[in-house]
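Here are some notes to go with the model. Have it open while you read.

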Number of protein chains: 2
Amino acid sequence: MDPHSTDLSKLWPDVSSYILNRDQNIRSLPVTAPLAAISAELPTKSAGPDAAFQLFKTSIAPHVNAACGPRYFGFITGGVTPAAHIGDVLATSFDQNVMTASESAGSAAADVEEAVVVMLRDLLHLPAEYEGIITAGGTSSNTLALAVARQWVGRKNGVDIGEDGLQALGGKAIRVFGTMAHQSISKAMSTLGLGRKVVQVPPLPGTVTQMDPEALDKALSLETNNGGTAGCIVVVQSGEVNTSNCDSLPQISAVCKRHNAWLHVDGAANLLARASPTHAQSLEGLELADSITGDCHKWFNVPYDSGLMLTRHPAVHSAAITATAAYLAATTTPAYAPINLSLDNSRRFRALPLWMALQAYGREGFAEIVDRTCDFAAQLGAWIRQSQQYELLQPPCLNTVLFRVVEVNGEEVDPEMAKRVLQHVNATRKVFFSGTVWQGKPAIRAAIANWRTNVEDDLQIVAQSLTEGYAAAFL
Amino acid sequence: MDPHSTDLSKLWPDVSSYILNRDQNIRSLPVTAPLAAISAELPTKSAGPDAAFQLFKTSIAPHVNAACGPRYFGFITGGVTPAAHIGDVLATSFDQNVMTASESAGSAAADVEEAVVVMLRDLLHLPAEYEGIITAGGTSSNTLALAVARQWVGRKNGVDIGEDGLQALGGKAIRVFGTMAHQSISKAMSTLGLGRKVVQVPPLPGTVTQMDPEALDKALSLETNNGGTAGCIVVVQSGEVNTSNCDSLPQISAVCKRHNAWLHVDGAANLLARASPTHAQSLEGLELADSITGDCHKWFNVPYDSGLMLTRHPAVHSAAITATAAYLAATTTPAYAPINLSLDNSRRFRALPLWMALQAYGREGFAEIVDRTCDFAAQLGAWIRQSQQYELLQPPCLNTVLFRVVEVNGEEVDPEMAKRVLQHVNATRKVFFSGTVWQGKPAIRAAIANWRTNVEDDLQIVAQSLTEGYAAAFL
């Protein structure tokens with residue numbers, strides 16, 4: 001391949017048309033794609049980028065979903081705003097490695113990231129004590145936050161866990177407490193060598209997902225008197241993944257303070273609610289957390305990968321992470337040096353799509369996304385409430401609707417039939433929902449996190465798909 | 001912000017011109033950029049993407065380096081081939097979350113990733129036993145590989161470390177051995193709760209970086225007889241970060257086998273040497289490793305973030321990672337499900353730029369990149385050898401040149417002056433080298449990993465910058 005290749009400029013117009021055309025038609029594209037075998041044969045010769053793009057169009061693109069469109073409600077999936085789209089394309093093109101302090105790299109990329117962290121902190125109405133870093137997503141953020149919490153527990157025991165490992169605790173355990181903690185918390189704990197088991201705190205009487213502060217108080221009292229415990233970390237989901245239900249952070253924080261436990265709030269998909277004056281109260285007390293995490297590739301509508309980790313313990317954060325190397329020596333200045341704050345060394349310029357979106361839309365633009373998607377969830381909930389085929393499992397909360405299939409007479413359907421209905425709904429390819437399990441029974445979850453989704457364009461199509469899928473399954 | 005916004009298509013032509021213009025001029029752009037304060041003020045109102053792009057052009061772009069150009073030799077920094085560039089722009093635009101098996105997501109994205117892993121395995125001439133996953137880079141890959149190794153050690157002790165944590169080893173330690181192991185190994189160990197300390201194996205007599213298999217044999221013998229040791233992991237750098245020196249993998253593998261130790265080869269920046277018939281022998285015996293890692297955003301010249309982790313222990317790999325959740329239940333099929341193989345859940349479609357580059361350039365194209373950059377390193381080495389201002393610290397190895405500043409009479413200069421010379425060289429903004437420390441003294445390292453770098457265009461400019469920087473420092 002020629003090092004003077006102008007393939008990029010030759011190919012760019014075709015690729016541009018292709019991207020813009022797809023973007024323009026995203027509302028009418030099938031939401032999910034039919035699969036096909038993908039060849040794993042490695043070519044010997046150089047066919048060139050043009051041939052590769054042609055092959056992409058015929059063999060890959062038809063089999064890739066339109067999850068970034070307005071009616072993919074599976075998992076929790078955001079789209080890409082125009083500003084974030086442009087920002088991410090620029091990130092590709094500028095191809096920065098945001099690793100060292102700006103001065104060491106001859107590039108302001110780390111300074112841009114630092115500014116973006118401050119802007120996000122402000123967007124979320126958090127005080128200036130918080131510092132943090134952009135990560136690859138919720139799991140990365142949780143792993144990092146719990147690594148900082150782990151370091152903090154070590155300090156209380158006179159141990160530098162980052163440096164000397166968990167074994168320096170001499171057999172004492174670090175306990176992590178939660179109620180319906182997300183799988184990514186278990187995954188993070190597993191990575192950190194803590195094992196996957198969250199100590200279960202019972203929910204508030206009458207609720208399924210919300211941590212009972214009194215039960216937490218009791219559980220932490222037991223641990224505090226247990227000589228085998230090095231320290232406690234309390235994980236609160238704000239909100240819980242099936243429901244978006246949030247806990248009472250002021251109460252839980254008070255319990256944590258009493259027992260000198262670390263409070264981690266996994267803002268996950270719902271952190272952005274804080275940007276909306278209408279919905280911010282769901283995450284009231286967020287500013288009491290020792291660490292806060294969330295995904296930006298969901299509700300913030302920037303491309304994958306993007307997450308946020310904030311903590312009010314900057315010294316513990318850098319102590320948990322910093323490891324030096326001769327050729328990186330110049331990077332340990334007091335300046336913002338991601339290598340000392342991130343579990344990864346090399347890092348994409350993922351602050352840039354966030355910067356572009358924050359500049360383009362401001363507080364008001366992000367609040368609009370929150371309000372519009374929450375409104376959609378409320379309206380979808382209203383439709384389900386009056387439907388004879390489905391019933392709500394709880395009132396819609398923020399941007400999440402949890403519901404299930406019922407018989408026309410309101411009775412439960414058997415689990416296999418419930419699954420079949422969901423398959424038929426998704427087979428319309430006009431909508432995509434995730435199945436889940438709620439209190440032991442199959443349920444359907446809609447997470448509305450795309451900036452395009454709106455009642456006027458999408459609600460009727462969604463309702464129709466739900467109706468058609470139900471009918472097809474019962475045929 | 002309007003959910004029907006056509007801002008993307010309105011703005012795209014300007015952004016396209018901007019990107020293509022920068023790409024066309026990348027050879028003449030200053031390699032590093034003057035820094036400036038970056039505002040962290042969050043706007044309240046939506047100014048729109050156009051205003052954000054204008055602000056980017058004036059306040060950010062002039063302060064971002066041209067590390068993706070041909071003469072940024074700092075750290076180890078690759079560029080972006082045209083095919084990878086297009087592939088990554090498509091990844092942004094299609095915005096896949098490559099998390100679950102393709103069938104669960106209604107998207108072949110996971111199948112594409114699986115195919116890319118196979119193609120990379122073939123490009124690196126590794127046998128079909130290896131399976132693996134695309135990661136966010138070298139550190140992520142090392143963290144994942146060592147998590148798999150940790151799980152394997154646990155199994156030997158009847159313990160499921162992923163599930164039950166390190167404390168289930170009952171105080172027994174996992175020892176990691178290395179010679180000049182990279183900082184990312186320490187970082188990975190720290191994340192995993194093992195602490196940062198690598199047990200140092202002395203180098204082969206007469207070398208600085210290469211592990212002495214006899215010394216390793218002795219060290220492992222001691223550990224095998226130590227009741228406090230749960231198991232051993234041996235980390236080999238192929239190559240070492242300052243020099244690209246590689247170890248004798250067949251000899252080291254034989255020692256590991258004898259002691260039932262896990263052999264991890266951190267291919268780091270040099271893995272791609274295996275794609276070149278001329279340079280593959282540097283990594284002879286790679287196929288003996290239990291796990292292999294490397295960066296793809298370096299020599300492979302795909303954009304950040306991209307890395308590879310391969311292992312010949314797929315069952316241990318998935319046991320180390322798999323954690324389930326109700327709404328993810330459908331994802332635990334036998335199909336390729338990244339969530340069960342990756343430390344992160346959500347994941348960018350970073351297989352796509354790799355797929356595009358593999359399709360576009362094939363084996364021969366990647367071999368050309370290796371050969372051209374290694375040739376450049378050899379020629380730069382030849383220039384340094386005849387220079388009176390610099391001397392080689394070892395013959396160039398693969399794409400790396402390690403050298404230092406000397407007096408005209410061949411004597412050492414004092415460390416401060418050595419640093420000042422490097423500052424002046426980099427201040428030409430025509431080239432960028434990392435300073436490093438070699439055997440206690442300041443040195444300069446050139447890592448040639450950009451597909452564009454070539455002798456004809458770049459060598460003279462580099463030589464001139466070295467000459468000018470030296471003169472300016474001694475003025």
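Which residue just after α3(A) takes a positive phi? That is A:Asp95, at about 40°.

A word on ground rules: this is a predicted model, where local features need pLDDT of at least 70, side-chain atom pairs count only at pLDDT 80 or more, and totals for chains, interfaces and linings use all residues. Residues are numbered from 1 along each chain as its sequence is written, chains are lettered from A in the order in which they are written, and side-chain values use heavy atoms, with hydrogens and water left out.

1. Helix α3 of chain A covers residues 82-94 (helices are DSSP runs of H or I, at least four residues; strands are E, at least two). 13 of its 13 residues are buried, so the rest of the structure largely encloses α3(A); buried means under 20% relative accessible area with a 1.4 Å probe, protein chains only.

2. One residue to look at is A:Asp88, whose side chain forms a salt bridge with that of B:Arg348 at 2.8 Å, N to O. The cut-off is a Lys or Arg side-chain nitrogen within 4 Å of an Asp or Glu carboxyl oxygen. Chains A and B share ten salt bridges.

3. On the interface as a whole, chain A gives 158 residues to the contact and chain B gives 158 residues, with contact meaning heavy atoms within 4.5 Å. About 13500 Å² is buried between chain A and chain B, 60% of it from carbon and sulfur atoms; this is accessible area (1.4 Å probe) lost on putting the two parts together, summed over both.

Terms used. Expected span 1.5 Å × (residues − 1). Buried < 20%, exposed > 50% of the residue type's maximum accessible area, 1.4 Å probe, protein only.
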